[in-house]
Amino acid sequence: MSVEKQRTIKKTVSYQGIALHTGFRAKLTLRPADENHGIVFRRIDLPGKPTVRACGNKVTEVMRGTTIEDGDAVVNTVEHVLAALVSQGVDNVMIDMDRPEPPIADGSSLPFIELIEEAGTVEQEAEREYFVVDKPYYLEMDHAIINVVPDDKFRISCTVKYDQSQLDTQFLSMEVTADSFKKDLSEARTFCMYFELEYLMKAGLARGGSLDNANVIHGSTILSKDGLRYPDEIVRHKMLDIVGDFCLLGKPMKGHIIAVKPGHPSNVTMVQKLLKDQKEA
Ligand SMILES: [Zn+2]
């Protein structure tokens with residue numbers, strides 16, 4: 001097997017839009033970075049332009065999205081842009097942000113995939129390292145179950161069921177590659193339950209939320225703009241979130257994630273468990 005090399009993007013590219021929770025207009029800029037730089041966010045709106053590495057040990061909040069923080073550098077809702085980067089094989093990139101949250105775009109990862117395609121990617125000299133899962137892991141948390149088992153590919157099997165809705169159980173299992181992510185997961189939009197809307201508004205969250213960037217589940221129906229993009233868009237978005245959260249391992253993963261009703265709390269707890277185990281090994 002040929003040795004895989006690290007990759008970065010060929011040129012600087014930017015994307016602007018409304019951020020989901022804060023409602024600000026935000027600009028995100030991807031810049032090429034050196035070998036072994038990793039994926040790093042930089043808050044260019046703050047004095048000293050502080051940075052925070054996309055790493056599970058930097059996570060400080062997981063309620064409606066994943067927030068990472070290092071000193072003054074706080075970045076919310078990192079998962080959709082991270083899913084696009086890791087799935088497309090970008091190992092090294094500097095992500096400049098002029099706000100604490102990236103644009104939500106259409107609630108999926110597709111606009112970020114298109115941004116990476118616009119930049120193009122280029123191979124570097126250093127060898128790519130993988131996070132290789134070498135034994136089974138099990139986690140049960142709230143209503144979620146996440147198992148991670150060894151596999152020579154990166155696979156996700158995911159089941160979702162919402163007790164508060166009449167929607168059928170959704171299940172999907174696939175190997176995640178650059179192509180399969182783009183085709184089968186990247187367009188799945190974020191969603192929320194109708195009854196959560198009041199809570200979200202009162203909590204000052206989802207200020208930028210609308211049917212332009214989210215689906216809303218109400219009983220047995222899904223309110224969405226222009227219909228669903230996949231019949232099982234919910235489970236696909238959950239898998240997209242898993243790809244983004246597991247990017248916080250700091251390296252692309254080889255292993256099989258088997259998740260039942262996953263969310264950011266369980267995803268991130270599993271990532272932290274894997275990181276801790278690897279450090280101790
Ligand atoms: Zn999401």
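**Strands first, then helices**

Strand S4 (residues 39-43) and strand S9 (residues 93-97) run parallel and are joined by 5 bridges. What you see is a predicted model, in which local features need pLDDT of at least 70 and side-chain atom pairs count only at pLDDT 80 or more, whereas totals for chains, interfaces and linings use all residues. Residues are numbered from 1 along each chain as its sequence is written.

Let me turn to another sheet. This one is open, with 3 strands in the order S6-S7-S8 and antiparallel pairing. Its edge strands are strand S6 (59-61) and S8, each of which pairs on one side only. On average, neighbouring strands of this sheet are turned by 30 degrees against each other, direction ignored. S7 and S8 are joined by 3 bridges, and Glu69 stands opposite Val74 in S8.

In the loop between strand S7 (67-70) and strand S8 (73-75) we find Gly71. Is Gly71 buried or exposed? Gly71 is exposed, because 11 other C-beta atoms lie within 10 Å; the definition takes 12 or fewer as exposed, 20 or more as buried and anything in between as partly exposed, with C-beta atoms placed from the backbone. Although Gly71 and Val52 are 19 residues apart in sequence, their C-alpha atoms are 8.2 Å apart in space.

Now to the helices, where axes are lines fitted to C-alpha atoms over the stretch in contact, and angles run from 0 to 180 degrees between N-to-C directions. Helix H1 (residues 79-87) and helix H2 (residues 110-119) pack at an angle of about 45 degrees, with their axes 8 Å apart. That angle makes H1 oblique to H2, since angles under 35 degrees count as roughly parallel, over 145 as roughly antiparallel, 65 to 115 as roughly perpendicular and the rest as oblique. The contact, meaning C-beta atoms placed from the backbone that lie within 7 Å, is made by His80, Val81, Ala84 and Leu85 of H1 together with Phe112, Ile113 and Ile116 of H2. By class, these residues divide into 6 nonpolar, 1 polar and no charged, where Ala, Val, Leu, Ile, Met, Phe, Trp, Tyr, Cys and Pro count as nonpolar, Asp, Glu, Lys and Arg as charged, and the others, Gly among them, as polar.

My last pair is helix H3 (residues 178-185) and helix H5 (residues 233-246), whose axes come within 10 Å and cross at roughly 145 degrees. Phe181, Asp184 and Leu185 of H3 make the contact with Arg236, Met239, Leu240 and Val243 of H5, and this contact has 5 nonpolar, no polar and 2 charged residues.

How values were computed: Two strands pair if DSSP finds at least two bridges between them. Helices (H or I, at least four residues) and strands (E, at least two) are DSSP runs, numbered from the N terminus. Two residues are in contact if their C-beta atoms, placed from the backbone, lie within 7 Å.
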